[in-house]
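Here's a quick tour of the complex. Have the viewer open and follow along.

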Amino acid sequence: MDNTTRMTCKVFPVTSGVPGATGGAQWTFLTNHGHVLLCVARDPGSRLRDIAALVGITERATQRIVADLVAAGYLQRIREGRRNRYQVRPDRPMRHPVEQPHRIGEVLEALGGDDAGSPGACR
Amino acid sequence: MTGTGWTLLSNHGHVLVQLAVDPDIRMRDVAERVGITERAVQLIVAELESAGLVLRERVGRRNRYTVPDQGRFRHPEEEHVRVGDFLALVRAGDRRS
């Protein structure tokens with residue numbers, strides 16, 4: 001087993017001091033699928049290990065999520081030598097009925113996913 | 001589709017969108033649209049409120065919800081995102097449909 005799969009780098013210390021109604025749970029507006037997609041959109045050449053560290057999940061979980069995103073047609077896998085590069089397909093619709101009128105590209109744009117120079121860009 | 005029920009927005013995200021699009025919506029209807037229980041919606045709204053991302057005002061026997069534009073996404077990777085910018089997109093899409 002690859003040791004790096006257990007390397008979780010927690011980057012989500014919520015220190016807002018605003019306790020949530022359920023005891024200060026660390027909720028966010030995006031799911032891990034959303035976080036991963038945004039990271040790939042910002043930096044298509046980034047490694048899964050780096051995405052895992054930024055999102056705060058394991059590399060194994062990141063692999064599974066990327067596979068989900070590829071299977072759903074959100075990401076296209078492009079082989080480049082020994083590495084994979086992932087390209088976002090912005091024309092795909094959002095999945096949940098509540099957001100279905102929207103294409104993924106619009107949402108990523110609103111989240112700054114098209115701007116590699118944004119403050120939170122994946123490194 | 002892989003058959004698994006994953007989405008890009010969390011339930012907190014879905015609930016926020018519903019409140020932003022329809023400030024007078026009932027918790028019961030939010031629950032139905034998002035696909036979670038009414039109790040879960042209440043908890044999420046309370047968390048959004050205590051984080052200052054949703055304001056609640058009493059109108060007669062009902063609540064009205066306002067989502068201030070200047071709120072920000074919480075994850076470090078998205079904390080530069082203003083809630084208002086994200087919701088502007090959602091509202092535009094709502095008018096279109």
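What share of the contacts in chain B between residues at least 6 apart in sequence join residues at least 24 apart? It's 38%, where two residues are in contact if their C-beta atoms, placed from the backbone, lie within 7 Å.

## Ground rules and confidence

This is a predicted model, so local features need pLDDT of at least 70 and side-chain atom pairs count only at pLDDT 80 or more, while totals for chains, interfaces and linings use all residues. Residues are numbered from 1 along each chain as its sequence is written, with chains lettered from A and ligands numbered from 1 in the order in which they are written.

The predictor gives the complex an ipTM of 0.77 and a pTM of 0.75. Chain B averages a pLDDT of 86, and 90% of its residues score at least 70; pLDDT is the predictor's confidence in each residue, from 0 to 100.

Chain B has 4 helices and 2 strands, and along the sequence they run α-α-α-β-β-α. These are DSSP runs numbered from the N terminus: H or I with at least four residues for helices, E with at least two for strands.

Helix α1(B) (residues 11-21) packs against helix α3(B) (residues 38-50) at about 80°, with the axes 10 Å apart. The axes are lines fitted to C-alpha atoms over the stretch in contact, with angles from 0 to 180 degrees between N-to-C directions. That makes α1(B) and α3(B) roughly perpendicular, a label for 65 to 115 degrees (under 35 is roughly parallel, over 145 roughly antiparallel, the rest oblique). On the α1(B) side, N11(B), H12(B), V15(B) and L16(B) meet A40(B), V41(B), I44(B), V45(B) and L48(B) of α3(B).

## The core

V15(B) also touches V30(B) and V34(B), leaving aside residues up to four places away in sequence. V15(B) and L16(B) are among the residues with the most contacts inside the largest nonpolar core, which has 48 residues; V36(A), L37(A), V40(A) and I51(A) are listed with them. Such a core is a set of buried Ala, Val, Leu, Ile, Met, Phe, Trp, Tyr and Cys residues joined through C-beta atoms within 7 Å.

## Helix α2 of chain A

I51(A) is one of the buried residues of α2(A). This helix (residues 48-55) is mostly covered, with 6 of its 8 residues buried. The cover includes α1 (32-42) and α3 (59-71) of chain A. Just after α2(A), G56(A) takes a positive phi of about 90°.

Definitions and conventions. Buried ≥ 20, exposed ≤ 12 C-beta atoms within 10 Å, placed from the backbone.
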